[in-house]
Amino acid sequence: MKVLFGHKDHLVRMAALFLAGIVVFLVLKAVFVPKGFGVYGHYRAGALEENRAHPVAYAGRAACVECHSDVPETAKGGGHAFIRCEACHGPLAAHAGDPGEHQAVRPESKVLCARCHAPNVARPARFPQVDPAEHAGDEACTACHTAHNPRQQKEGAK
Amino acid sequence: MNRDRRDFLAQSTKLLFLTGAAQLGFEALLRGEPEAAPNYKTTDHWWGMIIDIEKCIGCGNCVRACKEENDVPREPYYFRTWVERYHVPDGDIERPQVDSPNGGYDGFPEKYRAGDGAKSFFVPKMCNHCAHSPCVQVCPVGATFESPDGVVLVDPTYCLGCRYCVQACPYGCRYIDPRTHTVDKCSLCYHRITKGLTTACCEACPTEARVLGDLKDPKDPIHEFLRTHKVQVLKPQMATGSKTYYNGLDGSVR
């Protein structure tokens, strides 16, 4: 014991140095480690909120039918009944938020219908496919078919 | 110095515990309260996805919707989700022909003939939101993580752009955003699902080939689907704990 405390000054100096080191470490840690780091795991907890803050582009079917309640009625029982509105009409959250300012654009049937219904061997065989040019030439699909209920033919359809 | 080994061990253990306790106490003091998320409790959810290959028609709606919703660069080769076309001649699952023109953004122009003795199908791909993600394990700074509700997310303010995670992901689901030079990936539309909406890709899918599911919600139809269908995850041998379940997955799919 005498050997150990014979050099008290050395020990005090060393302890002070260590203490200073620890204080510097803690201060640097407080400065550089961001708030919320480690709350849920090895990441910043605030990143969850920031991911949530991204704006929504697709409003969702519930928002559409609030105004366009007639469309599900038309579609009822048809092959398109379960398809959500924005699958064909595109992202319309802006339109749902302010219909006066943001107009929805009617999709071009010749392009839109072919995306799903043009023949392709990789498509499931039971999925209805038709060559639009062969089937109807230049005529728009919606000239005969009701878009929301395609088996329902419009008046005057051939 | 007449101190025996027992004393030494007792003393060291005490010091060890004291240091640990001080460290824990200090960290608890630093981090403060977690951020509040009104009406949405992360611990009540555990998100997963069902992809039904037998329903996918390769229209590319999901690819377009994802880019619209999540501000993914339009130029080719940046995708949070994309669709691949598999063509397997003579049932040889070791040698499939795979293509994905522009990730399926413009659909798939027909390039195979019907009746050529091959099977063809579409496989939508996306982040598998693994429960034991390799990408999270390699991130050196904690910029990517598994959220408490089972979504693998990115913290772009913390990402260094080191690309370790891009290499680690066995599914190729990550890219470096050319505008920010930080990593980006499918967030499972975290901003939507936490508001009660479904993901943009599921919203836009016309055949319900993609369905979002909450594995912690006993009423979610995902449980019924998993019970009644023969599903598989991609690369099960990698033990990533993938939560993207494929129905009708062929052995040729990589």
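This is a predicted model: local features need pLDDT of at least 70, side-chain atom pairs count only at pLDDT 80 or more; totals for chains, interfaces and linings use all residues.
Residues are numbered from 1 along each chain as its sequence is written, chains are lettered from A and ligands numbered from 1 in the order in which they are written, and side-chain values use heavy atoms, leaving out hydrogens and water.

View 1. Asn61(B) touches Ala87(A) and Arg115(A), along with Ala204(B) and Pro206(B), not counting residues up to four places away in sequence (contact: heavy atoms within 4.5 Å).

**View 2. The buried face of α8(A).** Helix α8 of chain A spans residues 109–117 (helices are DSSP runs of H or I, at least four residues; strands are runs of E, at least two; both are numbered from the N terminus). Its buried residues are Ser109(A), Leu112(A) and Cys116(A). Down the axis of α8(A) they fall within an arc of 80°, so they line one face (the arc is that of directions from the helix axis to the C-beta atoms). The cover over them includes α6 (85–89) of chain A.

**View 3. Strand β11 of chain B, covered on both faces.** Thr244(B) and Tyr246(B) are buried on one side, Tyr245(B) and Asn247(B) on the other. β1 (47–52) of chain B pairs with β11(B) in the parallel sense over 4 bridges (pairing: at least two DSSP bridges between two strands). Here Ile51(B) is the bridge partner of Tyr246(B). β10 (231–232) of chain B pairs with β11(B) in the antiparallel sense over 2 bridges. There Gln232(B) stands opposite Tyr246(B).

**View 4. The largest nonpolar core, with 52 residues.** Such a core is a set of buried Ala, Val, Leu, Ile, Met, Phe, Trp, Tyr and Cys residues joined through side-chain atoms within 4.5 Å. Met49(B) and Leu188(B) have the most contacts inside it. Elements giving two or more residues to this core include α3 (46–52) of chain A and β1 of chain B. Leaving aside neighbours within four places in sequence, Leu188(B) contacts residues including Trp47(B), Met49(B) and Leu212(B).

Technical notes
Buried means under 20% relative accessible area, exposed over 50%, partly exposed in between (1.4 Å probe, protein chains only).
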